[in-house]
Amino acid sequence: MSRLVVSIIFFHLSLMMFSQQTFVTDSFSDHYYGKVYVADTAEVFSPGWIAIYKKGTDKELIRVESEELAVSYTDNSVAVNVKELPYGEQSVIMYEDFNFDGVKDFAIQDGQNSCYHGPSYQIYLADKGQFIFSSEFTSLAQDYCGMFGVNSEDKQLYTMTKSGCCWHQFARFDVVQNKPREIYRVEEGMDFSIPQFINTTTFEWNGKKLVETSSVRNLSVDIKDHLFSFDIPTKKKKVVLFNSGDYMTYAFVNESDEVEYYYPNDKDTANFELTTRNDSDTLRFSTKDAQYIIYNTDTKVGIKVITKGKTYDMPGDVYTRESGRMFYLFDHGLTNLSGEDLRKWGPTLSD
């Protein structure tokens, strides 16, 4: 065998030996230490394994193998007990009391199996000097986004998960008979028919089961979609007109920006009528139950609702009146309004 071939083989063997490494860490406990084997330290995700040993006897108590470890290094060792929730750094070993029995347990990273290829963990609970795998606690570190949080003061665990930009879930758990029990969950998601609506549903434990306690629609209008709005102080409400896609929507909201009523349900049913005069403007629309008239002058703003032969006038506060892009949007294809001069509704933007 030539010297060149021998040199090439030796070079590749040296690279392999350099890239694979076993780290020992004992900073997290007086009684246990850990070993972390990484097949390729140059990679962000590497095959490897993690093991926990008893100090003094060197007895192996836990071993978890993984095809995708994400190891953080510090001072030529691996970082432990790092948990930045929900999206920050999360170390491969965490040593913490998860079931609130006063004894610390282990969370061992087993790969990137949580949401969006995030870190996932296997949970081992301390039990009389041993560590017992818990499928119930492990589910909390697999089925959500990364490792779960621990609130030792309230003795509760909490999780978060999401889907895309527009759906989030937050949950809390207590521990009953050494198992986590969900006691609260809130889910927030965009209403895709009207993107400015955020639907919020809450579930709460009533002592027997989780009960849906509320389902509300919140309004979140970006400045580019905002057309016109004003407060109604006597009702502690607000009228908001905004652009949803290619049509205008009216919303009647409370102090918490919860939508109590809106019109229309879809653009095919929209029928706004705008009347502009020198000193006043009115915007009208009708449903099968009522007629709505929004009025706007230099000194007054408000809304009238006519239903069952009665007129209800709700004056607004002119100092809370805000206008956005109504004329601009009309000029660029907002077609469900009649009338040409929308400038009276307030200042407009040029882009």
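Phe 100 is buried, with a relative accessible area of 16%, where buried means under 20% relative accessible area, exposed over 50% and partly exposed in between, judged with a 1.4 Å probe and protein chains only. The structure described here is a predicted model, in which local features need pLDDT of at least 70 and side-chain atom pairs count only at pLDDT 80 or more, while totals for chains, interfaces and linings use all residues. Residues are numbered from 1 along each chain as its sequence is written, and side-chain values use heavy atoms, with hydrogens and water left out.

To return to Phe 100, this residue is found in the loop between S7 and strand S8 (105-114). Its phi is near 60 degrees, a positive value in a residue other than glycine. Another such case is Lys 308, with phi near 55 degrees. Lys 308 sits in the loop between strand S24 (301-307) and strand S25 (310-315), and at 83% relative accessibility it counts as exposed.

The overall picture comes next. The protein has three helices and 26 strands; these are DSSP runs, numbered from the N terminus, with helices (H or I) of at least four residues and strands (E) of at least two. Of its 351 residues, 44% count as buried. The accessible surface comes to about 19,400 Å², and carbon and sulfur atoms hold 49% of it; such areas come from the Shrake-Rupley method with a 1.4 Å probe, and for residues only the protein chains shown count as cover. Among contacts (heavy atoms within 4.5 Å) with a separation of 6 or more, 37% are between residues 24 or more positions apart.

Strands of a sheet pair through backbone hydrogen bonds, either parallel or antiparallel. Here, two strands are taken to pair if DSSP finds at least two bridges between them. Tyr 33 stands opposite Tyr 53 in S3.

The other open sheet has five strands, in the order S20-S19-S18-S17-S26, again with antiparallel pairing. Strand S20 (259-263) and strand S26 (322-323) stand at its edges with a single partner strand each, so one side of each is left without a neighbour in the sheet. Strand S17 (residues 226-232) and strand S18 (residues 237-244) run antiparallel, joined by six bridges. Asp 231 belongs to strand S17, and its bridge partner in S18 is Lys 238. With a relative accessible area of 28%, Asp 231 is partly exposed. Leaving aside residues up to four places away in sequence, Asp 231 touches Lys 237, Lys 238, Gly 316, Asp 317 and Thr 320. Of these, Asp 317 is 86 residues from Asp 231 along the chain, yet their C-alpha atoms are separated by 5.7 Å.

The structure holds 24 aromatic pairs, in which rings of Phe, Tyr and Trp (its six-membered ring) have centres within 6.5 Å; planes under 30 degrees apart count as stacked, over 60 as edge-to-face and the rest as tilted. The rings of Tyr 37 and Trp 49 have centres 5.9 Å apart and planes at 25 degrees, so this pair is stacked. Tyr 37 lies in strand S2 and Trp 49 in strand S3, so the pair ties together parts that are 12 residues apart in sequence. Trp 49 counts as buried, at 18% relative accessibility. Elsewhere, ring pairs link Tyr 250, Tyr 261, Tyr 263, Phe 272, Phe 285 and Tyr 292 into a cluster.

Charged ends also sit over rings, meaning that NZ of Lys or CZ of Arg is within 6 Å of the ring centre and within 35 degrees of the ring normal. Lys 162 has its charged end over the ring of Tyr 116, 5.8 Å from the centre, and Arg 185 has its own over the ring of Phe 203, 4.2 Å from the centre.

Finally, the backbone includes cis peptide bonds. Tyr 263, one of the cluster residues, is joined to Pro 264 by a cis bond with omega about -5 degrees. Pro 264 lies in the loop between S20 and strand S21 (273-276). The bond from Leu 85 to Pro 86 is also cis, with omega near 0 degrees, and Pro 86 is in the loop between strand S6 (77-78) and strand S7 (93-96).
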